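Trainee: I'm new to this one and would like to learn how to read it. Could you walk me through some of its features?

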Amino acid sequence: GKLVGGLTFLNDWIIRSEVSDALAKIYIRNIKTNKEEELRITEEKVISPGISLIQKNKDTDIIRISYDSPKTPSRTFEYNIKTKEKKLVKEQIVPSGHNRDDYIVERLNCESQDGRQIPMTITYHKKTKLDGNAHVLLYGYGSYGMSMSPTFSSTRLSLINRKIIWATAHI
């Protein structure tokens with residue numbers, strides 16, 4: 001099912017966040033043409049995005065959009081809805097150093113005992129061999145309509161760097 005999060009109204013745009021299969025997406029609708037499209041800020045498929053307004057004035061095309069993912073610390077962009085130009089304005093730095101290209105994030109569906117499909121996010125180091133010898137840590141929580149988001153955690157990465165495959169079940 002789909003869960004519509006928030007709606008933000010500007011003079012020319014309606015910005016809508018939506019969660020489907022425990023993946024959050026942001027859509028922008030042009031009020032004049034009624035055309036809607038997904039706002040894609042990154043090539044990464046599994047992210048936790050968010051938007052905020054820079055000013056109270058609704059007569060603007062510029063918003064702030066931020067995201068993080070299991071392999072990417074928080075990044076914030078100034079985004080022009082009309083021109084689709086984006087400018088990185090803030091980035092969370094990991095003091096011990098971090099290269100997001102060292103990690104692989106995959107999305108799987110696993111069947112539960114009652115036959116339902118449960119989305120899972122799998123994160124592992126690119127050097128970890130998927131030959132059955134690596135340890136897996138399965139983490140999950142879900143109740144009251146809340147599901148785990150695929151977010152960044154430097155403490156989790158310290159385990160992943162030790163050849164542990166981290167699986168988050170989006171129950």
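This is a predicted model: local features need pLDDT of at least 70, side-chain atom pairs count only at pLDDT 80 or more; totals for chains, interfaces and linings use all residues.

Trainee: How do I read a pair of aromatic rings, and how many aromatic pairs does the structure hold?

Mentor: The general idea is that a pair of aromatic rings is described by the distance of the centres and the angle of the planes. Here the structure holds two such pairs. In one of them, the ring centres of Y67 and F77 are 6.5 Å apart and the planes are at 0°, so this pair is stacked. Y67 sits in strand β6 (residues 62-69) and F77 in strand β7 (residues 72-80), and the pair links distant parts of the chain, ten residues apart.

Trainee: Are Y67 and F77 buried or exposed?

Mentor: Y67 is buried, with a relative accessible area of 2%. F77 is buried too, at 5%.

Trainee: And at what angle are the planes of Y139 and W166?

Mentor: Their planes are at 50° and their centres 5.9 Å apart, so this pair is tilted. Y139 belongs to strand β11 (residues 135-140) and W166 to strand β14 (residues 164-169), so the pair ties together parts that are 27 residues apart in sequence.

Trainee: What lies over the face of F77, and what lies over the face of W166?

Mentor: For F77 it's K86, at 5.0 Å from the ring centre. For W166 it's R156, at 5.1 Å from the ring centre.

Trainee: On to strands. In which sense do β1 and β2 pair, and over how many bridges?

Mentor: Strand β1 (residues 2-9) and strand β2 (residues 13-20) pair in the antiparallel sense, over six bridges. To find a spot where they face each other, look at F9, which stands opposite I14 in β2. A hairpin of three residues joins β1 to β2.

Trainee: What about β2 and β3?

Mentor: β2 pairs with strand β3 (residues 23-30) in the antiparallel sense too, over eight bridges. S17 has I26 in β3 as its bridge partner. Two residues lie between β2 and β3 in their hairpin, and D21 in the turn has a positive phi of about 55°.

Trainee: How do I read salt bridges, and what does their count come to?

Mentor: In general, side chains of opposite charge can pair when their charged atoms come close. Here the count comes to twelve salt bridges. One of them joins E36 and R16, with the closest N and O atoms 2.6 Å apart. E36 lies in strand β4 (residues 36-38) and R16 in strand β2, so the pair ties together parts that are 20 residues apart in sequence. E36 is partly exposed at 31% relative accessibility, while R16 is buried at 16%.

Trainee: Which residue does D61 meet in a salt bridge?

Mentor: That's K82, at 3.5 Å from N to O. D61 is in the loop between β5 (48-53) and β6, and K82 in the loop between β7 and β8 (86-91), so to speak two distant parts of the chain, 21 residues apart. D61 is buried, with a relative accessible area of 18%, whereas K82 is exposed at 55%.

Trainee: Which residues do salt bridges with shared partners join into one network?

Mentor: R16, E18, R29 and E36.

Key
Residues are numbered from 1 along each chain as its sequence is written. Side-chain values use heavy atoms; hydrogens and water are left out. Rings of Phe, Tyr and Trp (its six-membered ring) pair if their centres lie within 6.5 Å; planes under 30 degrees apart count as stacked, over 60 as edge-to-face and the rest as tilted. Helices (H or I, at least four residues) and strands (E, at least two) are DSSP runs, numbered from the N terminus. Buried means under 20% relative accessible area, exposed over 50%, partly exposed in between (1.4 Å probe, protein chains only). A charge sits over a ring if NZ of Lys or CZ of Arg is within 6 Å of the ring centre and within 35 degrees of the ring normal. Two strands pair if DSSP finds at least two bridges between them. A salt bridge is a side-chain nitrogen of Lys or Arg within 4 Å of a carboxyl oxygen of Asp or Glu.
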